[in-house]
Amino acid sequence: SSDVCSSDLFPSHDNEPKQKPKISPHLLERHAYQVAHLISSFTIPLMRDLYRLFDGDMVEIIVLGEIGTHNVSKFFSRSAEAVPEYWLDDERQRHKYMRPCNALSISEATGIPRETVRRKVNQLIQKGWLHRDANHSLILTAGMGQGFIESNAQNALKIMELSAALQALLSASEDLAIVTGK
């Protein structure tokens, strides 16, 4: 059977093509429960932390995350243009690098009803995390991401550890070595 390849969700920011990791279907089947345990060991504590941070409103988390991801996608999909990330918080520069969205596009992207998205957007605006302009376009409030730096650093480290554990467990090259004895 063929190897499962990772997606193109995370574009490379350098000019060198990266070889995508491959998952051995044999090892995936063999370690299915361990894979589920490893992934859950990261996702469940993350969801608990977000649940607490957003007072139990998981839909608000999804709406804010979708808007934020959409907003910065323009910045992170650009070519090798040397623009510092702090421009995303600079009121004079950020409009050039942020991709605004609206409640309808967020509803369509998430499957959350439009009226629910509108209510969540209004709550996020009241909290000062979102801005809506005269065209009803939504964009993260400048500086909002600063409040997540510490938790993002902790989560990035946990993701790196999870990735290393999964690669060690599921690497197609490791499976080849087992099968061929090399």
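Ala-103, Leu-104, Ile-106 and Ser-107 in H5 meet Arg-114, Val-117 and Arg-118 in H6. By class, this contact of H5 with H6 holds 4 nonpolar, 1 polar and 2 charged residues. The model is a predicted one.

**Helix pair**

Two packed helices are described by the angle between their axes and by the distance between those axes. Helix H5 covers residues 103-110, and helix H6 covers residues 114-126. They pack at an angle of about 120 degrees, and their axes lie 9 Å apart. H5 is therefore oblique to H6, because angles of 65 to 115 degrees count as roughly perpendicular and those over 145 as roughly antiparallel. The crossing of H5 and H6 is right-handed.

**Nonpolar cores**

In soluble globular proteins, nonpolar side chains tend to be buried together. Which residues touch the most other members of the largest nonpolar core? They are Val-63, Leu-64, Ile-67, Val-117, Val-121 and Leu-130, in a core of 23 residues. H3, H5, H6 and S4 are the elements that give two or more residues to this core. H3 supplies the largest share, 5 residues.

Leaving out residues up to four places away in sequence, Leu-130 touches Leu-64, Ile-67, Val-121, Leu-124, Ile-125, Ile-139, Leu-140 and Thr-141. Another core lies apart from the largest one. It has 7 residues, including Leu-27, Phe-42, Leu-162 and Leu-166.

Where do Asp-55 and His-136 sit? Asp-55 is in the loop between helix H2 (32-53) and helix H3 (58-76). His-136 is in the loop between strand S3 (130-132) and strand S4 (138-140). Phi is positive at Asp-55, a residue other than glycine. Phi is positive at His-136 too, again in a residue other than glycine.

| Residue | Phi | Relative accessible area |
|---|---|---|
| Asp-55 | near 50 degrees | 70% |
| His-136 | near 70 degrees | 54% |

Are these residues buried or exposed? Exposed means over 50% relative accessible area. Asp-55, at 70%, is therefore exposed. His-136, at 54%, also counts as exposed.

Notes
Residues are numbered from 1 along each chain as its sequence is written. This is a predicted model: local features need pLDDT of at least 70, side-chain atom pairs count only at pLDDT 80 or more; totals for chains, interfaces and linings use all residues. Side-chain values use heavy atoms; hydrogens and water are left out. Axes are lines fitted to C-alpha atoms, for helices over the stretch in contact, and angles run from 0 to 180 degrees between N-to-C directions. Helices (H or I, at least four residues) and strands (E, at least two) are DSSP runs, numbered from the N terminus. Angles under 35 degrees count as roughly parallel, over 145 as roughly antiparallel, 65 to 115 as roughly perpendicular and the rest as oblique. A crossing is left-handed if the near helix is turned anticlockwise from the far one by less than a right angle, and right-handed if clockwise. Contact means heavy atoms within 4.5 Å. Ala, Val, Leu, Ile, Met, Phe, Trp, Tyr, Cys and Pro count as nonpolar, Asp, Glu, Lys and Arg as charged, and the others, Gly among them, as polar. Buried means under 20% relative accessible area, exposed over 50%, partly exposed in between (1.4 Å probe, protein chains only). A nonpolar core is a set of buried Ala, Val, Leu, Ile, Met, Phe, Trp, Tyr and Cys residues joined through side-chain atoms within 4.5 Å.
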